[in-house]
Amino acid sequence: MDAIFLQILNGLDKGGAYALIALGLTLVFGTLGVVNFAHGAVFMLGAFCAVTTQHLLTFSKKVKDEGITFFDAYKEVPYLEIWWGETGSFIIDYKVPFSILLAVPVMLLIGLAMERGLIRFFYNRPHADQILVTFGLAIVIQEIVKSIYGANPIPVPAPEIVSGSANIGILLGLGDSVVYPWWRLIYLANALVVIAAVFSFLKFTTYGMVVRAGMQDRETVGLLGINIQHRFTVVFGLASIVVGIAGAMYTPILSPDYHMGMDFLVLSFVVVVVGGMGSLEGAVLAGFMLGVLQSFAAMNEVKAVFPGIDQIIVYLVAVIILLTRPRGLMGRKGVMED
Amino acid sequence: MDTVSRKGELRLMLIFSAAVLLMPVWLSPFGAAYPDLLQKFAIFGIFAVGFNILFGLTGYLSFGHAVFLGVGSYAAVWSFKLFTMNVIPAVIFGVIFSGIFAALIGFVSLRRSGIYFSILTLAFAQMSYNLAYSVLTPITNGETGLQLRLHDLRMIDALFIEAGEGLPLTNLFGIKMSGYPGFYFCAVLLIIGFYLALRVKNSPFGLALKAIKSNQTRMGYTGFNSRPYMLSAFMISGMYAGLAGALLAVTDPLAGAERMQWTASGEVVLMTILGGAGTLIGPLLGAGLIKYFENIFSSYDDSLLHQAFSYLPDAMNDVVVGMISPFVGDGWHLTLGALFMVIIIFLPGGIVGGITHLWQRLVKKNQEPTEMEGKQQ
């Protein structure tokens, strides 16, 4: 029972990341009709926003180490600690949450630049061309990051206070054996908040209403005198922010390196297709569903019955769903029909 | 009409064969005339030509073609291990097994088209890759990769030849398959493969495939069942990939799962698009260019660059080298990605498409006035 509860939590946590990436992908696809293979690379850029924040905050000065008296020893002390003492080290400790402050504007700019600079020339080109050019872009982004930060994963630890595990068993009355890392819980909460924010932006604001109307029938919205293109560009920026936050917050769980995006990209495409191309609810649902399925498949009891199932479960589900429900779980009629 | 096109084909094949077989001569000014690289040209040429039969003719973009490359390699290495070091059975096994795989994967994936087809092939490729790394370790030897051992069975070889000292080498009835003989073996297979692709393209079968690309729905309305045609095309192109995989194992007898990763599938897509999808010679050109750049660019480093630009004044030299160095050495992928984007944006037909376009424009310029007059009337 405890094990099952933990696996559900694990799955929701993984699913949170999948859902966030797939949500951005679907936003872009539903509005602009562009299949964006560079989305994984944008996720990676989000993660590297956290790395950059870490670099900036711990910008250090060589100071003589007073503790060692036998010889001249030097240690690196971040400027923040020199200037602000305790407050400085507090900020450095909380670099991952703070990195969101950097990630939001940076990702918005990157998203807008990508859309205006490249994607808009590909609205009317075949999907194969869109896939290929964004695939090329993903390679370029990866290589640029690699040439700046190197090829090795860069650890970005979570704040000290949440680096341990939460004893959620006691909180929920399940006994002490149920412990779970704090940061993963925070990630799950963060994913839910971001998803809720995106949905309420689309459902409860006039801006979002126009965007939804444009997703349904772009031409009519245009005829009503609304510059729908402009709003779709903003939505592209929004999608980049969503995936950027997903990346930045993921850094304590997985030390970022330059090709982390590619690994997530394939999975999140599977998620989008399973959920149904163009369906936001479908993307979120499929993200969490595949996450949970994946973590159940990783249980030893399941693996004993179906060896290797944990490696292929996501793809297997995708194949089955695509063959039985051609539009995915919640796909609308007329979107990406054969 | 048939005789004329046959003559044209014959001429094309003669020129092509001469060009391929003389590669060691005419590539030497480019610094590419060494057997390892030439073998790669031929092998990835086969891969790309086969991929083009699927993507170029029918427009179905498979993102999992590297699976067949991997299967071909594994089958070939197992043939070396179990039966004989002769390369003929290895190649045959590679082609057969990849054909079977292609039939299975194609049968399922071809139920959908467009991006769903791409995702389905991608899903199968990732499944195969993940399984090769984990559960199928007894067959694939997991992360280490499948290698030859001294105490392999080699049933057929054991009947005829005394086991020598050290690992035996792959051979074609005694001719060692490394260096130039290996290249010529691959080159002959490339020529045969190219001829078959030419025949496929110009046959009624090829015409049907092109019709599927232009409008599959209409084909259905006219009472034409496209499924068997698509499946055949998928299998043929899978078998080409298997052949290429087997040849990779022939020239260097080991097989690893990373050959099946989806980025490897992406590479053959890049080759085909770069050269020009749907054209015969384009994919070959793309494969050659990518492998050439991979070898040449990645071998450059800063000190070599400084030498190359040593005729410039020192300050200039540093600036130029600083600008170029991210694009060579480890960073050659950056060049590849950028080049690829430029091709997609400005030359959707690839290099060959671009050249044809240019040629037509040049020819048309002379005829333009008459055409304009015709329109005005």
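This is a predicted model: local features need pLDDT of at least 70, side-chain atom pairs count only at pLDDT 80 or more; totals for chains, interfaces and linings use all residues.
Let's start where chain B meets chain A. On the chain B side 35 residues take part in the contact, and chain A brings 37 residues. The size of an interface is often given as the accessible area lost when the parts come together. Here the two chains bury about 3400 Å² between them, and 80% of that lies on carbon and sulfur atoms. If you want landmarks in chain B, look for Ile115(B), Tyr116(B) and Trp262(B): they lose the most area to chain A, together 19% of what that side buries.

Which helices of chain B supply at least two residues each to this side? They are α6 (114-133), α13 (262-275) and α17 (332-346). The largest share comes from α6(B), with eleven residues. Sorted by class, the side of chain B that touches chain A holds 24 nonpolar, eight polar and three charged residues.

What about specific polar pairings? Between chain B and chain A, three residue pairs are in polar contact, both partners being at pLDDT 80 or more. Zero salt bridges are found across this interface.

Now turn to the surface of chain B. Leu21(B), Tyr180(B), Tyr184(B), Val188(B), Ile192(B), Tyr195(B) and Leu196(B) form a nonpolar patch there, and together they have about 600 Å² of accessible area. Helix α9 of chain B, residues 180-202, gives the most to this patch, with six residues. Leu196(B) has its place in that helix.

Key:
Residues are numbered from 1 along each chain as its sequence is written. Chains are lettered from A and ligands numbered from 1 in the order in which they are written. Side-chain values use heavy atoms; hydrogens and water are left out. Contact means heavy atoms within 4.5 Å. Buried area is the accessible area (1.4 Å probe) that two parts lose on being put together, summed over both. A salt bridge is a side-chain nitrogen of Lys or Arg within 4 Å of a carboxyl oxygen of Asp or Glu. A polar contact is a pair of N or O atoms within 3.5 Å; within protein, one must be able to donate a hydrogen and the other to accept it, and residues adjacent in sequence count only if both atoms are side-chain atoms. Helices (H or I, at least four residues) and strands (E, at least two) are DSSP runs, numbered from the N terminus. Ala, Val, Leu, Ile, Met, Phe, Trp, Tyr, Cys and Pro count as nonpolar, Asp, Glu, Lys and Arg as charged, and the others, Gly among them, as polar. Patches are made of residues with over 30% relative accessible area and no salt bridge: like charges are joined within 9 Å, nonpolar side chains (Val, Leu, Ile, Met, Phe, Trp, Tyr) within 5 Å. Accessible areas come from the Shrake-Rupley method with a 1.4 Å probe; for residues, only the protein chains shown count as cover.
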